[in-house]
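The notes below are meant to be read beside the sequence and the coordinates.

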Amino acid sequence: MAEIDRMGRCARLAWEHAAEGSKQPPIDRPGVTTGHILLGVLMEQTCAGGLVLGKLGIDFAYSLALTKFVLQYGRHRDAPEPPTVDWAGVPHTAAAKQVLELCIEEANLFTPTYPIGTEHLLLSLLRVEGTGSRILNYLDVDEAKARTTRDEIWAIMRTQG
């Protein structure tokens with residue numbers, strides 16, 4: 001699968017946290033959700049997505065606790081789980097799969113060969129309606145702010161010398 005092969009170390013770790021988190025009680029789900037992907041990004045604070053969130057003033061301890069709380073209690077237990085689709089051998093909700101597919105587009109904005117990073121996961125989360133984007137919006141993070149902050153970080157990377 002091209003998307004997973006293009007993931008950098010941090011994005012791969014964040015995705016692995018998300019996949020593992022979807023199987024762990026008390027937030028056990030039949031597949032990875034956008035909330036699980038956000039959880040993975042939040043767990044990799046020293047990667048680009050974490051740096052963007054840190055610059056935007058996110059309290060990581062609170063954000064992690066909030067995300068875990070929403071994943072555990074945010075869905076009515078009576079409602080049927082949404083159907084899942086396979087991505088890299090792991091079931092994902094359709095919205096979570098869409099987030100992962102948008103990461104290529106986000107990474108291509110830097111260069112066509114730039115590895116997918118947690119900043120791309122973050123921006124893709126903000127582009128897809130789901131638990132991840134709702135939590136980020138609640139934390140006062142929107143796509144425009146995150147993209148501007150990411151661009152500032154990229155500007156530093158381009159001028160490194």
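1. The largest nonpolar core has 40 residues, and those with the most contacts inside it are M7, I37, L53, L121 and L136. A nonpolar core is here a set of buried Ala, Val, Leu, Ile, Met, Phe, Trp, Tyr and Cys residues joined through side-chain atoms within 4.5 Å. At least two residues of this core come from each of α2 (9-21), α3 (34-43), α4 (48-55), α5 (60-73), α6 (94-108), α7 (118-127) and α8 (131-138), and the largest share, six residues, is supplied by α6. Helices (H or I, at least four residues) and strands (E, at least two) are DSSP runs, numbered from the N terminus.

2. On the basis of these notes: this is a predicted model, in which local features need pLDDT of at least 70 and side-chain atom pairs count only at pLDDT 80 or more, whereas totals for chains, interfaces and linings use all residues. Residues are numbered from 1 along each chain as its sequence is written, and side-chain values use heavy atoms, with hydrogens and water left out.

3. M7 lies in the loop between α1 (2-6) and α2 and is buried, with a relative accessible area of 9%; buried means under 20% relative accessible area, exposed over 50%, and partly exposed in between (1.4 Å probe, protein chains only). Not counting residues up to four places away in sequence, M7 touches R12, W15, W87, L100 and I116, where contact means heavy atoms within 4.5 Å. With the same exclusion, I37 touches A18, V32, A96, V99, L100, L121 and L125.

4. The bond joins C10 and C47, with the sulfur atoms 2.0 Å apart, and it links distant parts of the chain, since C10 is in helix α2 and C47 in the loop between α3 and α4, 37 residues apart. The torsion about the S-S bond is about -65°, so the disulfide is left-handed. C10 counts as buried at 15% relative accessibility, and C47 counts as buried at 3%. The sulfur of C103 is 13 Å from the closest cysteine sulfur, in C10, which is too far for a bond, and C103 is buried at 0% relative accessibility.

5. The axes of α3 and α8 come within 6 Å and cross at roughly 55°. That makes α3 oblique to α8, because angles under 35 degrees count as roughly parallel, over 145 as roughly antiparallel, 65 to 115 as roughly perpendicular and the rest as oblique. Axes are lines fitted to C-alpha atoms, for helices over the stretch in contact, and angles run from 0 to 180 degrees between N-to-C directions. At this crossing, T34, G35 and L38 in α3 meet T131, G132, I135 and L136 in α8.

6. Strand β1 (residues 84-87) pairs with strand β2 (residues 90-93) in the antiparallel sense over four bridges, pairing being assigned if DSSP finds at least two bridges between two strands. D86 has P91 in β2 as its bridge partner, and in the hairpin, which has two residues between the strands, A88 takes a positive phi near 55°. T93, found in strand β2, counts as buried at 10% relative accessibility. Leaving aside neighbours within four places in sequence, T93 is in contact with V32, T33, T34, P82, P83 and V85.

Note on methods: Disulfide = S-S within 2.5 Å.
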